[in-house]
Amino acid sequence: MIKISDKPSKRVEHFTGTITMAFPGIENKVWNFTVLRTTNGSTTFAVQADHEQFNQHFDEPGESEYFKAMLEETVKANLAKEQAEWKPSDK
């Protein structure tokens, strides 16, 4: 007999968002990202910038990755300080 719990031990939820952020020489000011909320006894957050959007605006090698990392860290810092307009429901 195999018994498997009917409740997941780890859950990852995806929330899309936007941030207004200026980068040198780039006209676009509104950037898309996804917040990944992982619940596994405790809750952690990760942020992923929209790769396609960044690749459309940055041409230099490494430039896209550098500015994506900057955006992701900015969003994480604002989440940590509860400075984001976000009220996720706890199910």
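β2 and β3 form a hairpin with 1 residue between them, and Gly 41 in the turn has a positive phi of about 85 degrees. This is a predicted model, in which local features need pLDDT of at least 70, side-chain atom pairs count only at pLDDT 80 or more, and totals for chains, interfaces and linings use all residues. Residues are numbered from 1 along each chain as its sequence is written, and side-chain values use heavy atoms, with hydrogens and water left out.

**The sheet**

Helices (H or I, at least four residues) and strands (E, at least two) are DSSP runs, numbered from the N terminus. Two strands pair if DSSP finds at least two bridges between them. Here 3 strands form an open sheet in the order β1-β2-β3, with antiparallel pairing. β1 (11-20) and β3 (42-49) are the edge strands, each pairing on one side only. From one strand to the next, the twist averages 25 degrees. Axes are lines fitted to C-alpha atoms, for helices over the stretch in contact, and angles run from 0 to 180 degrees between N-to-C directions.

β2 spans residues 30-40 and is joined to β1 by 10 bridges. β2 and β3 pair over 8 bridges, also in the antiparallel sense. Some individual partners are set out below.

| Residue | Partner | Strand of the partner |
|---|---|---|
| Val 12 | Thr 38 | β2 |
| Thr 16 | Thr 34 | β2 |

Helix α2 (residues 63-80) lies across β1, β2 and β3. It runs at about 150 degrees to β3. Ser 64 has its place in this helix. Is Ser 64 buried or exposed? Ser 64 counts as buried because its relative accessibility is 7%. The cut-offs are under 20% relative accessible area for buried, over 50% for exposed, and partly exposed in between (1.4 Å probe, protein chains only).

Contact means heavy atoms within 4.5 Å. Leaving aside neighbours within four places in sequence, Ser 64 is in contact with Phe 54, Asn 55 and Phe 58. The side chains of Ser 64 and Asn 55 are joined by a polar contact of 3.2 Å. A polar contact is a pair of N or O atoms within 3.5 Å; within protein, one must be able to donate a hydrogen and the other to accept it, and residues adjacent in sequence count only if both atoms are side-chain atoms.

Asp 50 lies in the loop between β3 and α1 (51-57). Asp 50 counts as partly exposed because its relative accessibility is 28%. A polar atom of its side chain lies 3.1 Å from the backbone nitrogen of Gln 53. Not counting residues up to four places away in sequence, Asp 50 touches Asn 32 and Phe 33. Asp 50 and Phe 33 are 17 residues apart in sequence, yet 5.2 Å apart in space, C-alpha to C-alpha.
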